[in-house]
Amino acid sequence: MRATQLYAPTLREYPAEAELVSHKLMLKAGLIRKAAGGVYSYLPLGWRTIRKIEQIIREEMDAKGGQEIMMPIIQPAEYWKESGRWAVYGDEMMRMKDRHGREFCLGPTHEEMITTLIRSEVRSYKQLPLMLYQIQNKYRDEIRPRFGLMRSREFIMKDLYSFDADIDGMNISYQKMYDAYDRIFTRCGLKFRPVEADNGAIGGGHSHEFTVLAPSGESSIAYCESCDYAASDEKAELKVIHSQEEELKSLEKVLTPNCHTIEMVKDYLNVPIEKTIKAVAFQDDDGRLILAFVRGDHEVNEIKILNAVEGALHLHMAEESAITEAGGCAGFMSPIGLKDGTIVVVDSTVMEMYNAVAGANEVDKHYINVTPKRDFNSEKIIITDIRMVKEGDPCPHCGQPLKMTRGIEVGQVFTLGNKYSKSLNATFLDENGKEKFFEMGCYGIGVGRTMAAAIEQHNDEFGIIWPRAIAPFEVVVVPVNAKNEDQLEYSEKIYEELKAAGVDTLLDDRRDRAGVKFNDCDLIGYPIRITVSPKGIAEDTVEVKIRKNGEVHIFNRNEYKDKVIELLKNL
Ligand code: ATP
Ligand code: MG
């Protein structure tokens, strides 16, 4: 490819609308352009990178026995109604009607589509295991589309679905995909960590998120340096913290005027925050009140609460009227004295407290000397881990203090079990002729997000520093002055030689000033730049500059090609 024929509109300035460095650089380097909030066009350079990431994904999916297919983006509502997700998917789903009033959605994911695709045709255990995937646009009407390709409303996803005859088979498929993901992100040149994850609304068994480590990431992960435990903050399991045992004192109601926050209560009563019990009130989609209690210095983890309360899909802040109706009092809540039937979830650590402070369900009043084991009706409450992890919490595997870091979720693997095969009635006959539901798994990778994450991890003040495997071009050949016939001719030869050797090369034959071209090369971030100058021609040498570390090598004309190929291996 020649730069004079390449459509790569670089910008002089960083666009004001972009916050994240990857978003800024993608716009400035001419990789993408915005069409609407969260909807983008990919320009040639951006698309080349996308295609390279896709190719790596394809190779690794195929290596594990995946077969590529292509399903429709437009999905009939019936399938989603059958699985029960039409109602629960909410506003994120882009819905539409055809001219006859039939309902459809633009696929946010394809469990329904693939399960209904295979259910009438895969009939025997002999056809299993089966792994089918596609690389395709997905549609999610995100509340806050932002950060360019990182969180967009139309985005490219690879999604693979596995079908197995039993749980063991499903776990083997899961492991294959886990290994494939490990290879994919390694090949893409990313520093990442697979972390234990919550299954979320998708339901099913276990899950890992592949998270690229970056301070700008939206995911928060807890990890242990002493063992290999790592989990998303939503998932991180926490051990019960046992309080020092104390002699029980009798429960007493005290006046706490205007003390409706934990900070105020602890100051007013002059007790350490670890001696207080904090309440958070939610309502689910059906309006059911859910009261959650954690130690004063802890935060509630909404995902854990959703997992603990059967049938709850989303949590909203509770209306005061709902709290009053349940016998509670906003700002002064405790599980003591609530109406029967109120859903109360208490963090396990709270149950280990002695002589603590909690609300009295009356305005301006708190209880002191609350000992939950004695004072809460443990038969009527849900006791489990609902706490949000924080730095220093003990690792659930080895007990050492956990560390927290941020990252970008680029992929996720799930086991689904028979959740979808059951709801969509997808069965096969096992070796005894018995009808069984498929055991499924699903495995997604955000292709555009992977590209953005790579830039997030690999950049400097001059621009992008592509890992070789996903760079739009591996090498750029730049004649200092393309108007000079000798330089252009010499450059063309090098360009042809490298291309013939299988190196993905761009010839920057633009007649611009050298400085302008060099800046563009740094901005776009080709791993290697070869500069052709009169001096090099005279000496029969080639100047090779590595983008990553700025190193410059001068190689003889007859050896440069092998040297470049060698250097590329480590970039
Ligand atoms: P998130 O928690 O970031 O919203 P998710 O868990 O809903 O993502 P999955 O359903 O697991 O996403 O989708 C698989 C992959 O698709 C994700 O790991 C991510 O890389 C990518 N992805 C999901 N949503 C978006 C989006 N809005 N824009 C770009 N990529 C996305
Ligand atoms: Mg996910």
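Predicted model: local features only at pLDDT ≥ 70, side-chain atom pairs only at ≥ 80, totals over all residues.

Residues are numbered from 1 along each chain as its sequence is written, chains are lettered from A and ligands numbered from 1 in the order written, and side-chain values use heavy atoms, without hydrogens or water.

**Ligand 1**

The shell around ligand 1 holds 14 residues. A residue counts as near if one of its heavy atoms lies within 4 Å. The closest are Arg140, Glu142, Arg151, Ser152 and Glu409. By class, the shell has five nonpolar, four polar and five charged residues. Here Ala, Val, Leu, Ile, Met, Phe, Trp, Tyr, Cys and Pro are nonpolar, Asp, Glu, Lys and Arg are charged, and the others, Gly among them, are polar.

Strands β8 (154-164) and β21 (403-417) each supply at least two shell residues. β21 gives the most, with four residues. Helices (H or I, at least four residues) and strands (E, at least two) are DSSP runs, numbered from the N terminus.

The table lists polar contacts, meaning pairs of N or O atoms within 3.5 Å.

| Residue | Protein atom | Distance to an oxygen atom of ligand 1 |
|---|---|---|
| Glu409 | polar side-chain atom | 2.6 Å |
| Arg151 | side-chain N or O atom | 2.8 Å |
| Gly411 | backbone N or O atom | 3.4 Å |

Taken alone, ligand 1 exposes 580 Å², and the protein buries 82% of that. Areas come from the Shrake-Rupley method with a 1.4 Å probe.

**Pocket and cavity**

Both terms use a 1 Å grid over the protein atoms alone: in a cavity a 1.4 Å probe fits but cannot get out, while a pocket is an open set with protein on both sides within 12 Å along at least five of seven lines. Lining residues have an atom within 4 Å of a point. Points join across faces, edges and corners, and a volume is the space filled by probe spheres set on them.

The second largest pocket holds about 320 Å³. Its lining includes Thr10, Arg12, Lys28, Glu461 and Phe462. Helix α14 (residues 514-524) gives the most to that lining, with five residues. The classes are five nonpolar, two polar and five charged.

The whole structure has one cavity of 30 Å³ or more. The largest cavity has a volume of about 30 Å³. Leu238, Lys239, Val240, Asp347, Ser348, Thr349, Asp385 and Arg387 line the largest cavity. Two of these lining residues are nonpolar, two polar and four charged.

Technical notes
Polar contact = N/O pair within 3.5 Å; in protein donor to acceptor, adjacent residues only side chain to side chain.
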